[in-house]
Amino acid sequence: MEVMRHASTFLRPPPLPQAADGPAPSYALVVLNQRLPRFAPDLWSHAKLRIFADGGANRVYDGMPKFFPEQDPLEVRRRYKPDGIRGDLDSIRPEVKEFYSNLGVKVEDVSYDQDTTDLHKCIDFICGFTPEVDKSNLCILVAGALGGRFDHEAGNLNVLYKFSNIQIVLLSDDCLIQLLPKTHCHEIHIQSSAEGPHCGLIPVGAPSVSTTTTGLQWDLTDAGMSFGGLMSTSNMVREERITVRSDSDLLWTISIKKKA
Ligand SMILES: Nc1ncnc2c1ncn2[C@@H]1O[C@H](COP(=O)(O)OP(=O)(O)OP(=O)(O)O)[C@@H](O)[C@H]1O
Ligand SMILES: Cc1ncc(C[n+]2csc(CCO)c2C)c(N)n1
């Protein structure tokens, strides 16, 4: 089975130290309608493509200048100009929409589709933008995906499953979540200055009959996991390299340190 490597190098300021083997991922950033994480400027620097999901535009417009209190807010807003704004546009404020439109940013109203979330629509946009050959190297960072309304959080988790062939990382100030598809063995390289030690492995889509891990304080050896049964929450990373192999798709979650 092929190995999929994961490393949260986006939590560290660029330039990137090479933490894992293979080429560095090509990052895209989606900003959702929640308070910006404190490391938002670093995520922005890592990304080659940046999209605001509807009200996410208000968050950057209002929030980015607060990270640079000594700088002119207008200059900061101009510097943090996205490649696109997408959504049903019921949350972006009129003056924010006008500001980015005047900068030449395409603001796309996709409200005709009321069956998919704004995050889903933004991932579609990124996929359309990324040539097929580059998709295997693509990693989409989603800022503001956790905390807040549970229906939104569940919708955001669902996007991991809908686009299970693409690496997507849901982020809040406190933790990150990503899907470990059962089609691969997983090797997770812990950025111990920025993440951990608390972590979890959660079988959200379906129970797992057999999961085996290495590098955790409470490793699983050919163990079953399910809601109503065993679940690996409040686990701890013990080594810099974690391995996971499962017969079921699992969510991997790890805490993000307050001071990187
Ligand atoms: N409280 C929240 N918790 C988690 N994610 C959120 C939250 N609020 C918004 N989001 C994410 O940000 C995206 C854009 O938010 P926005 O409020 O603009 O969406 P919306 O579709 O208008 O939401 P609503 O369901 O309130 O009409 C959502 O699709 C969702 O992915
Ligand atoms: C069964 C079902 N439940 C809820 C919605 C509503 N909905 C889901 S995504 C979305 C867009 C949000 O920007 C909306 C309104 C639906 N369509 N179908």
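Strand S9 spans residues 185–189. His 186 and Ile 188 make up its covered face. Cys 185, Glu 187 and His 189 lie on the uncovered one. In a regular strand, side chains alternate between the two faces of the sheet. Strands (E, at least two residues) and helices (H or I, at least four) are DSSP runs, numbered from the N terminus.

This is a predicted model, in which local features need pLDDT of at least 70, side-chain atom pairs count only at pLDDT 80 or more, and totals for chains, interfaces and linings use all residues. Residues are numbered from 1 along each chain as its sequence is written, and chains are lettered from A and ligands numbered from 1 in the order in which they are written.

## Partners of S9

S9 pairs with strand S1 (residues 3–7) through 5 bridges, and the two run parallel. Pairing requires at least two DSSP bridges between the strands. Val 3 has Cys 185 of S9 as its bridge partner.

S9 also pairs with strand S14 (residues 241–246), here antiparallel, through 4 bridges. His 189 is bridged to Arg 241 in S14.

## Two domains

The chain divides into domain 1 (26–173) and domain 2 (175–260). The bounds come from an automatic or database domain assignment. Taken over C-alpha atoms, the domain centres are 26 Å apart.

## Where the domains touch

13 residues of domain 1 contact 11 residues of domain 2. Contact means C-beta atoms, placed from the backbone, within 7 Å. On the domain 1 side, helix H6 (150–162) and strand S7 (167–171) are the elements giving two or more residues. S7 provides the largest share, 5 residues.

Terms used
Buried ≥ 20, exposed ≤ 12 C-beta atoms within 10 Å, placed from the backbone. Contact = placed C-beta atoms within 7 Å.
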